[in-house]
Amino acid sequence: MKTFEHGGNIHKILRDSPAREQEVLDFSANINPLGPPEWFRPLISSQLEQLIHYPDPEYTSFIKAISEHTGIATDHIIVGNGTTELLYAFMRVLPCKRALIPVPSYVDYARAAKIAGLKVENFSILEDDDFILDIVRLSSMIKPEDLVVIATPNNPTGKTVSRAELLSVIKDFPQSYFLIDEAFLDFIEGGKTIGGEAPNILTLNSMTKFYGVPGLRIGYGILSPSFVLQIKENLPPWTVNSLAQAVGTEALKDTAYQVKTRRNCRELRLEMETGLQDIHQLKVYSSEANYLFVKILDGGKATTLADYCLSHGIMIRRCENYKGLESSSSFFRVAVRTRRENLRFIELLETYFSKGTSRKTSRKKKRSIMFQGTCSDAGKSIITAALCRILYQDGVRVAPFKAQNMSLNSFVTLQGDEMGRAQVVQAQAARLDPDCRMNPILLKPNSDTGSQIIVCGKPVGNMSVLDYNAYKPKVWNSVCQSYDALADDFDVVVLEGAGSPGEVNLKADDIVNMKMARYAEAPVILVGDIDRGGVYASFVGIMEVLSEWERRLVAGFLVNKFRGQASLLESAHSYVKMHTGRNVLGVVPYLKNLGIPEEDSVSFKKGSFNKKHSGDGIEIVVINLPHISNFTDVEPFLEEPDVSLRIVENASDVGSPQAIILPGSKNVIHDLQFLKTGGFAGIIGQCLENGCEIVGICGGYQMLGKAINDPYEIESVDGQLSGLGYLDMETVIELDKNLTRKSGVHKLSGKKIFGYEIHHGVSSMAQFPVLQFDDGTICGQMERSERIWGCYLHGLFDSDEFRRWFIDNLRQRAGLQPVGDIVAPYNLEIAFDRLAASVRESIDMDAFYRLLNI
């Protein structure tokens, strides 16, 4: 063969152009748009160790699986390195003199026949018949010892032949042979092989198209046992390798994949057919396979259209080299691909055929990029914030997005919507007001197995894991709408994933990692924490457990938190490139004292908030509650040089601090029980006697009162629990959640304060309120000694003036001189710029801009 005459030659396209494989959509090859089954890569990986042995020359397991799948006896089955190998072998062995081939049809039928020495006679399938094979007219041409080659569905037309009519003709000509190509039969609902129905039938049954593995080459045929033996004698041994045998055997057992493929391909084909029919310059022939046959009625030749499509990254199959279509340059064939890819193709054709007329506006691809992690706390939130600031510095309008965040560290927007604090920080990095579209789903754990669910800023209820998984399909639409609205308003959206995309136990219900990346068409950068070890094994391992469609989304890797010389990692980067085909796009150093709020309580609970003061100073202890929320309330103290901050989980570790802070809690009743049973209640009393100040924020404030009532069982079935009794108040946990931003003054000091409230609890009126807000309302309560107080306002200590007053007040009680001046402004802008400078220097920004098509 002087030239390769088939579709799917993407290798030549890539050789002849600078495009990368990821930039070319191949509509010329009719491959299952679902891609290979989920088990494909793990199965291949498990079989690699078998490559030290020769394949099974009898193909025992594979043939048995074919027999069980088709109901055909094993002695009627032969396997091959794709059905093309069997086609050529059949032609050599059959005792025929002439090949009668209805055309247009697969180009290799005629070539295989000619090589075998058969005379080839073509039978025209007429365009006037809508390219439906006329069986009656064909039968008038059949002679004894003919080999009649019929494809059902036909390639390229997608038309099938009536099984009953076909069997009738076959039985009418027992001295002729019928080679029935069923390469695309698996795509048809109820499609059943005709193999075994008569001794003069031979079938070709491809598996590579239906199971999405054309590079592996797997196929089989069904024919009489005598011909099976003759074919085997004409084939070399081991034509089907070990990997292909293993995949073929497993594939035939996967009925769920088969059903899903047929359903999806039919839906996609009908949608695509409708979209193409709306272009009046085209005639679309109805098809039963996973491709469509199309004629250009007006507007140029298929060759011109193919060149135009290729210039826009799309390959189509021109059909002028099909027998029966040589005289026309108007026909082309296109595979059915994913819904989004099909839409892109249709829009491209709309643009092409509307030249010189009012054309439709094509959907503009939204620029995006996504950071996913090898694990939780790999640093993807900080890297997302860094890229947001870098793009902002470079004049790009950028916004962050995380489909679903699980965090007890939340925030209230100006619109009164609740969202995760991590996306608030990222918005601040992009110099934007936080918007709940940036985090449409927020999960706030309130037990080991359940969470409060926040959708688009508003609580919708408490759910167990199983309940929420069942609820996810309903919220997915909210996620997509939030993303689309955000992407319409900005040049670039930087997405963040959650946990790791390699958590195979969670993939089925994922809406935040690869499913979101696919929806956003966002290249994925996998971030790994080298400081905890095993980062390169994590990169390779995660790639190994990803499905093929997920792997295609991964554009590269980012090593985070490295202590040392980055050049020492080059050999590891070469190994990762060899194993995955992706580059490491940067090595970000371990950045200490960033001064940026942490993503979640992971770092808090690991002790990263513990710090000692320099010189003389005071100590503040924060009790690490099991359901701690909004722990970043104490983060501003980390930069204060005269403050030691300690996070304690055991009452015996409290010591003799100048202040104890009870932080917020997502389950106040359970955490109050923790304080009592853990001995904290007694320790707090001892500290008070020694002059310690006790502060409660939100849930911690409620614990300082006399009682907490939960009549609606929002947090507990216990209903009521007595508090620590230091403040003369009771709290009722109501159904409605209070979400509001507030500013005002701290009454005792007169210092300005600001922050936000997030709470179901309503506490009784205070005799000595702590805060006076600008809207005239009050908040909090203080005991007469002024050493026990609390309030609902999160972010209270973000105020530099108030924080310094609070610290100096503690200093004076401890016998130290007050500092007076603000010495450590809580300024995130400086921190963001420092973070951006470090990350910009550490990553390949040119590569990132290429991924963003900027």
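**Largest cavity**

I began with the lining of the largest cavity in this predicted model, and found that strand 35 gives the largest share of that lining, namely four residues. I noted the volume of this largest cavity as about 160 Å³. There are 18 lining residues, of which Ser665, Glu715, Ile758, His759 and His760 are the closest to the centre. I then listed the elements that give two or more residues to the lining, and these are helix 23 (699–703), strand 34 (730–746) and strand 35 (752–763). Sorted by class, the lining holds ten polar residues, with four nonpolar and four charged residues besides. For the structure as a whole, I recorded five cavities of 30 Å³ or more.

**Second largest cavity**

Which element gives the most to the lining of the second largest cavity? I found that strand 5 (residues 146–151) does so, with three residues, and that the volume of this cavity is about 100 Å³. Among the residues that line the second largest cavity I noted Tyr109, Phe131, Val149, Ile150, Ala151 and Lys159. Here the classes divide into nine nonpolar residues, two polar ones and one charged one.

**Helix 3**

I next looked up helix 3 (residues 60–70), where Phe62, Ile63, Ala65, Ile66, Ser67 and Thr70 are the buried residues.

I turned to an open sheet of four strands, which has antiparallel pairing and the order 9-10-13-12. Its edge strands, each pairing on one side only, are strand 9 (282–285) and strand 12 (317–318). Between strand 9 and strand 10 (residues 291–296), which run antiparallel, I noted four bridges, and Lys283 stands opposite Lys295 of strand 10. As a reminder to myself, the strands of a sheet pair through backbone hydrogen bonds, in either the parallel or the antiparallel sense.

Which helices go with this sheet? Helix 10 (residues 255–277) packs on the sheet and touches strand 9, strand 10 and strand 13 (331–335), and its direction makes about 10° with that of strand 10. Helix 12 (residues 339–353) lies across strand 9, strand 10 and strand 13 as well, and it runs at about 155° to strand 13.

Is strand 19 (residues 441–445) mostly covered or mostly open? I found it mostly covered, since five of its five residues are buried. Ile441, Leu443 and Pro445 point one way from the strand, while Leu442 and Lys444 point the other way, and I noted that Lys444 is buried along with the rest.

I then followed the pairing of strand 19 to strand 16 (residues 404–406), which is in the parallel sense over three bridges, with Asn405 standing opposite Leu442. The pairing of strand 19 with strand 20 (residues 450–455) is antiparallel and runs over five bridges, and in this pairing Leu443 stands opposite Ile453. My last entry is that strand 19 and strand 20 form a hairpin, with four residues between the two strands.

How values were computed: Residues are numbered from 1 along each chain as its sequence is written. This is a predicted model: local features need pLDDT of at least 70, side-chain atom pairs count only at pLDDT 80 or more; totals for chains, interfaces and linings use all residues. Side-chain values use heavy atoms; hydrogens and water are left out. On a 1 Å grid over the protein atoms alone, a cavity is a set of points where a 1.4 Å probe fits but cannot get out, and a pocket is an open set with protein on both sides within 12 Å along at least five of seven lines; lining residues have an atom within 4 Å of a point. Grid points are joined across faces, edges and corners, and a volume is the space filled by probe spheres set on the points. Ala, Val, Leu, Ile, Met, Phe, Trp, Tyr, Cys and Pro count as nonpolar, Asp, Glu, Lys and Arg as charged, and the others, Gly among them, as polar. Buried means under 20% relative accessible area, exposed over 50%, partly exposed in between (1.4 Å probe, protein chains only). Two strands pair if DSSP finds at least two bridges between them. Contact means heavy atoms within 4.5 Å. Axes are lines fitted to C-alpha atoms, for helices over the stretch in contact, and angles run from 0 to 180 degrees between N-to-C directions.
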